[in-house]
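Biologist: I have a structure open and want to learn how to read it. Can you take me through it feature by feature?

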Amino acid sequence: MRIVERRIGDVTILQLIGRLELETGDLILRDTINRLVDDGQVKVVLDMKEVTRLDSAGIGMLVSKYLTVRRAGGTIKILHPNERTDHLMDITKLHTVFEVFNDEESVVKSFGGAIHGV
Amino acid sequence: MAQTPFGRRILVVDDDRGLRHVLSELLQGDGHTLATAGDGPEALEMLGDGSGFDLVLLDIGLPSMSGLDVLARIRNMDSPPLVIVMTADDTSATLLEAVRRQAYRYIRKPFPPGTIIDVVNEAGTPASALSIEVISAKPEWLEIVAPCTLEMADRIQSFVLHLEAHLPEAVLEAVASAFRELLTNAIEWGGKFDPNRKVRISCVRTKRLLLYRISDPGEGFDIDKLRHAAITNPDDDPMRHLQVREEQGLRPGGFGLAMTRSLVDDLIYNEARNEVMLIKYLDEGE
């Protein structure tokens, strides 16, 4: 997997491209988000449109890094989940954890208010 | 798309001159060194003992000599390169013969450019290639024994799912995800990613069901002690198990069983829980 990173204001958008699976994309995602947190960038959007495969390790990393960012006072939101990602999030009850959006403008605007850590 | 670990020496064998050209341009652009051949004898002459190439992209429908025969000859070389079979022939007999003859991967034509780049970049080295032992290669009963490595999980999944490529997309996706979860569980927890340990996989197909049985070399597990798995979470706390995993020093995850249970019709473990059967019932015509 590769990640294309860009910023809109203080919101970081990570476009995930390829496989988010055990020992493949999961470690790249971990390292990228750890770096963002170290840099104080804690308003993060994961654009999942081009994720071609997702397994339980990938989902585990999504949730783990969600907790990392929340502890740093920010949050991660999901943009453009494809049908498969949406289904897996439903199965694993993660729709109750992540805010999910289908257009970029809305997700960026949603960060307007203050974010509090957990 | 996977990162290119290093440039590979690749031989493209296909009687379609246009495809040879396109693949050459595409893969050279990705940092690999390319050579091409239009038929089997030319390819074998270029390969010699095999040591000059890392990978062969091999068409099956070649003139004068079948690609499967070329594959068999390559496997007998002193330093055989990995062979990725690419073909428009989607019969299970061809796929199973490719598995039996130790093809590394199987790609059905036509394929998007990104697919071939990913498969090439994800391929291991010829020296690290491990063999799949084929116990039964019948379309209705495929049974293989394979070393417990993650790379092998990709290979096995690729072969097994090509056998079911005619299924409706939603069914295939569900089966693919469930199979992948159970296979990686077997390789990671049962086999400890140890290439000297083996996982045994049977895929049985009837008109009305698909059955996958996976046996791992581990001691099994006690489901009552799976506090690090999402299936033990209360409904209102889908992340509780992650704290347990963190305390136990386990990687993030633990959603595999919860996912698999929702994707297939039946999931049955033996008493020790080192063997599992995944069953998907099919509607007539699927």
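Modeller: We will go through helices, backbone angles and single residues in turn. This is a predicted model: local features need pLDDT of at least 70, side-chain atom pairs count only at pLDDT 80 or more, and totals for chains, interfaces and linings use all residues. Residues are numbered from 1 along each chain as its sequence is written, chains are lettered from A and ligands numbered from 1 in the order in which they are written, and side-chain values use heavy atoms, with hydrogens and water left out.

Biologist: Is α2(A) enclosed or open?

Modeller: Buried means under 20% relative accessible area, exposed means over 50%, and partly exposed lies in between (1.4 Å probe, protein chains only). In α2(A), 15 of the 16 residues are buried, so this helix is largely enclosed by the rest of the structure.

Biologist: What is found at the start of α2(A) and just after it?

Modeller: At the start, a side-chain oxygen of A:Asp55 comes within 3.1 Å of the backbone nitrogen of A:Ala57. Just after the helix, A:Gly73 has a positive phi of about 95°.

Biologist: How do α1(A) and α2(A) pack?

Modeller: Axes are lines fitted to C-alpha atoms, for helices over the stretch in contact, and angles run from 0 to 180 degrees between N-to-C directions. Under 35 degrees counts as roughly parallel, over 145 as roughly antiparallel, 65 to 115 as roughly perpendicular and the rest as oblique. The axes of α1(A) and α2(A) are 9 Å apart, at an angle of about 10°. These two helices are therefore roughly parallel. Contact means heavy atoms within 4.5 Å. From α1(A), the contact includes A:Leu29, A:Ile33 and A:Val37; from α2(A), it includes A:Met61, A:Leu62 and A:Val69.

Biologist: Which residue classes make up the contact of α1(A) with α2(A)?

Modeller: Ala, Val, Leu, Ile, Met, Phe, Trp, Tyr, Cys and Pro count as nonpolar, Asp, Glu, Lys and Arg as charged, and the others, Gly among them, as polar. This contact has seven nonpolar, two polar and three charged residues.

Biologist: At what angle do α3(A) and α9(B) cross?

Modeller: Helix α3 (residues 83-91) of chain A and helix α9 (residues 256-263) of chain B cross at roughly 110°, and their axes come within 9 Å. They are therefore roughly perpendicular. A:His87, A:Leu88 and A:Ile91 meet B:Ala258, B:Met259, B:Ser262 and B:Leu263.

Biologist: Which peptide bond is cis?

Modeller: The bond from B:Lys109 to B:Pro110 is cis, with omega near -5°. B:Pro110 is in the loop between β5 and α5 of chain B.

Biologist: Last, single residues. Is A:Thr12 buried or exposed?

Modeller: A:Thr12 is buried, at 0% relative accessibility. Its place is strand β2 of chain A. A polar contact is a pair of N or O atoms within 3.5 Å; within protein, one must be able to donate a hydrogen and the other to accept it, and residues adjacent in sequence count only if both atoms are side-chain atoms. One such contact, of 3.1 Å, joins the side chains of A:Thr12 and A:Arg7.

Biologist: And where is B:Leu82?

Modeller: B:Leu82 is in strand β4 of chain B. With a relative accessible area of 3%, B:Leu82 is buried. Among the residues that B:Leu82 touches are B:Val56, B:Tyr104 and B:Pro126.

Terms used
Helix = DSSP H or I, 4+ residues; strand = E, 2+ residues; numbered from the N terminus. Lists of a residue's contacts leave out its neighbours within four places in sequence.
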